[in-house]
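Q: I have a model open here and would like to go through it with you piece by piece. Could you help me read it?

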Amino acid sequence: MALEFGIHYSCQSPEGEWERVYRETLNQAAEAESLGYSTLSVAEHHFLPDGWVPEPFVLLGGLAAVTDEVDLVTNIVILPLHNPVKVAERAVVLDLLSGGRFKLGVAVGWRDEEFRVFGVDKSERAGRTIEGMKLIRRLTTEESVTFDGKVFDVEDVTLMPRPVQQPIPLWYGGQSELAIKRAAHRADVWSMSPIESRAELADSTDVYREALDDAGRSFDEVRKPLRREAYVAEDDETAWEEVGDALLYEYADVYGDYEDIGHSFDPENREEAVEELREHADGRFIIGGPETAIEELERYEDAVEMDEVLLRMHFPGLDTDKAAKSMRIIADEVMPHFAE
């Protein structure tokens, strides 16, 4: 089976040029569809100084308006921050706008500030997420729903309007063993972690296989999207010269306070930090020329047997024209290698 390619957007701008970035993202998305990309993916974060997308449903509504065929997915929504009834309504409207192309991806979240500002006890995130997933599924597939949970209660609720898809596919993101098992038992799709190494993902995939077996499902029948950081230029050195600073900003400043997930780079010594980041990228990111990208993707296919790869190519501070160039090079020189 051919490997599908998609694009992941975060629309960050350390310079505060968000209007331009959003408009250019819409233009790029329309071109991506014409180049053969099959999915557009958006994640949710709040209060980051570079303005990571806080409302993925709104952005995906814009992407729905400029595309006709690509899948649209929240990858992911931080479900415990929200009322699941409202999430279900947003999902239905987006499903209708897109003609049944929407996939709802959720996860428990991890940034303390987001839970604090939204007034949600972080210790309750798993329970809120599990109940939220159950309630969303019922609201989008059933009428006259009554739900009596520990956190959420509804009585005789029929969501209107009704979605195109029955059901709207539910994705679940996470990298812990518990999260992977939850994806196998409670969601349609496990969205693989963008920060785990290839070796770590291979182990996680084994956990997923076993969990699917326990749930009476088949690994061969489920959709298997892998999200990766990526940038492809004419050759390896050009790629790192063009994207190095933006990647360093992302992993030193945005993720810099989260050393427990493997990110600790000192941006004060730029040259040394980029070199350390380049070492960290080995087996995690897809950065380089077309041949390197093909080799890396083949290694991922062997390790995790994904059927789709969602690539983030625009990083904070990177010119969107360069991200578009990477998108075109992948379409012209990498994607044909994986066409069936």
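Q: Let's begin with Val-73: which residue does it stand opposite in β4?
A: Val-73 stands opposite Lys-103 in β4, and β3 and β4 run parallel, joined by 5 bridges. The chain gets from β3 to β4 through α3, in a right-handed β-α-β crossover, meaning that, with the strands pointing away from the viewer, the path from the first strand over the helix to the second runs clockwise. Strands pair if DSSP finds at least two bridges between them, and helices (H or I, at least four residues) and strands (E, at least two) are DSSP runs, numbered from the N terminus.

Q: Before we go on, what kind of model is this?
A: This is a predicted model, in which local features need pLDDT of at least 70 and side-chain atom pairs count only at pLDDT 80 or more, while totals for chains, interfaces and linings use all residues. Residues are numbered from 1 along each chain as its sequence is written, and side-chain values use heavy atoms, with hydrogens and water left out.

Q: Back to β4, then: how many of its residues are buried?
A: In β4 (residues 102–107), 6 of the 6 residues are buried, so the strand is largely enclosed by the rest of the structure; buried means under 20% relative accessible area, exposed over 50%, and partly exposed in between (1.4 Å probe, protein chains only). Both faces are covered, with Phe-102, Leu-104 and Val-106 on one side and Lys-103, Gly-105 and Ala-107 on the other.

Q: And what is the bridge partner of Leu-104 in β7?
A: That partner is Leu-170, and β4 and β7 run parallel, with 3 bridges joining them.

Q: Now a loop: where does His-82 lie?
A: His-82 lies in the loop between β3 (71–78) and α3 (84–97).

Q: Is that residue buried or exposed?
A: His-82 is buried, with a relative accessible area of 14%. Its side chain joins that of Glu-44 in a polar contact of 2.8 Å, a polar contact being a pair of N or O atoms within 3.5 Å where, within protein, one must be able to donate a hydrogen and the other to accept it, and residues adjacent in sequence count only if both atoms are side-chain atoms.

Q: Last topic: which strands does β1 pair with?
A: β1 pairs with β11 (residues 308–312) in the parallel sense over 4 bridges, and 4 bridges also join β1 to β2 (residues 39–42), again running parallel.
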